[in-house]
Amino acid sequence: MKPELLTREALRAFAEKHRTAFEAELKTLVEIPSISADPSKKPDILRCAQAAAQLFENYGGRAEVLETPGNPLVLGRFGDDPSLPTVTVYNHMDVQPANEPEWTSDPFAFTVEGDTYRGRGTTDDKGPAVTALFGALAAREAGVPINIKFLWELEEEVGSPSFAKGITVHKEKLRTHAIVVSDTVWITRGKPSTPAGLRGLKGFRLTLETADHDLHSGVVGGAARNPLSELIKVIAEMVDGETGQVKIPGFYDEVVPPSAEELENWRTSGFTVETFKKDHMIFGMRTEEPLEVLKRVWGMPTMEVHGLVGGYTGPGIKAAVPPRVEAKLTCRLVPDMDGDKTIQRVKAFVNERFPDVDFHVEHGLAPFKGHTTGPYAEAIKDAYAFAFGAPCAFTREGGSIGAVRTMEEVLGCEVYFLGLSLPSHGYHAPNENYDWEQAGGGIAAFARYFQTVSTFKG
Ligand SMILES: [Zn+2]
């Protein structure tokens, strides 16, 4: 082993030496429009899987394209010594559609402007994936004694419908001691952050039908029921529209408030309300107190009304009493809430007060509670500090990544995040980009992480 190869200077030199190769490999992947939401792009998905497998082989790894009931998974492997620790890096190779008119260049042409790489998938998530690969190559070159696996999914952007089945079937090949996901966004440049919790999600629909067709409000109005008004009343009894407070009894019972240490991490994460509002183009907020915003987005559950369907929506007014309406809602869940239990509480509340409103339960994702202490958490902290010269904050994410809980459960190991994207990279947005500062730093961070974890005893 040549540990001198893993100094900060040596890793910077390694990254610079491989920069051309890094860009070429990223270009190959970005220029394949692997849009999982578009069924007509299935051939590109398969082409992307082949290109990804080829990439591992180009650098001396072994690769397999694993079948699932949906899009395949790609497994890349470096090292296969059962006496050594094994760590797995998860990324995804599928991308969001790119039909926004604001794109200033072809989203599926990889463009380089100085240190910036533009194109769909550059930051979400092909850039971080290739970064992790070069981090592994640096560790390999230095002789770090560790087995490294790469698990690359191709349907993350559509909610990972076949991921659980896929990794269950291929569980033996995926055996690992720890998983690192590199698909998250820092709060701001120069200040690494890693989520130690994700919210879950549970959806439901309410429907109410009180007549066969549109009724004349002059002829029947006053006597006939109005399902639209009634459903608005149901919603208003479930959630306070102004404060967001959910009024279902017991809704907040399982919510564990963030610890003092977590709150301190959130406070120093680099978050500002001004940037938050600007990034999301928000006109008004329920609170503008920074920590309160974070508590609400990362640490509290919600009930959100997404749509109310029914009644007349054309120009002007049609004086009709609508016959049927539908409301579409979801709850974001935090650790340690149970989606089924939550939905049963909501359903019981609706059934009791509004017995003829039909309640339809929709899909769900469980919340995830990560670890902020222990050797693997320390290894993440150390990798960021080593590579970027700044301490990292353990934050959370308000959104949900289905694959995280699935990997934890099926593969029976802890999941951590070593993300490299920035808010300015435009996740899911036009002119998506990634940059060499994050890639070069990321290569060093991954190499350092692999070195630290190589000293762990399984
Ligand atoms: Zn992603």
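Mentor: The protein chain is divided into domain 1 (3-197 + 368-453) and domain 2 (200-255 + 300-364), with bounds that come from an automatic or database domain assignment. This is a predicted model, in which local features need pLDDT of at least 70 and side-chain atom pairs count only at pLDDT 80 or more, while totals for chains, interfaces and linings use all residues. Residues are numbered from 1 along each chain as its sequence is written.

Trainee: What separates the centres of domain 1 and domain 2, and how many residues does the contact take from each?

Mentor: The centres, taken over C-alpha atoms, lie 40 Å apart. The contact takes five residues from domain 1 and five residues from domain 2, where two residues are in contact if their C-beta atoms, placed from the backbone, lie within 7 Å. On the side of domain 1 that touches domain 2 there are one nonpolar, three polar and one charged residues; Ala, Val, Leu, Ile, Met, Phe, Trp, Tyr, Cys and Pro count as nonpolar, Asp, Glu, Lys and Arg as charged, and the others, Gly among them, as polar.

Trainee: What makes Phe 283 count as exposed?

Mentor: A residue is exposed if 12 or fewer other C-beta atoms, placed from the backbone, lie within 10 Å of its own, buried if 20 or more do, and partly exposed in between. Phe 283 has 5 C-beta neighbours inside 10 Å, and therefore counts as exposed. Phe 283 is found in the loop between α8 (273-280) and α9; helices are DSSP runs of H or I with at least four residues, strands are runs of E with at least two, and both are numbered from the N terminus.

Trainee: Which residues of helix α7 are buried, and how do you know that they line one face?

Mentor: In α7 (residues 260-267), Glu 262, Asn 265 and Trp 266 are buried. Seen down the axis of α7, these buried residues fall within an arc of 100 degrees, so they line one face of the helix. The arc is that of the directions from the helix axis to the C-beta atoms. The face turned away from the buried side carries the exposed residues Ala 260, Glu 261 and Arg 267.

Trainee: What do the buried residues of α7 pack against?

Mentor: They pack against α9 (290-299) and β16 (393-397).
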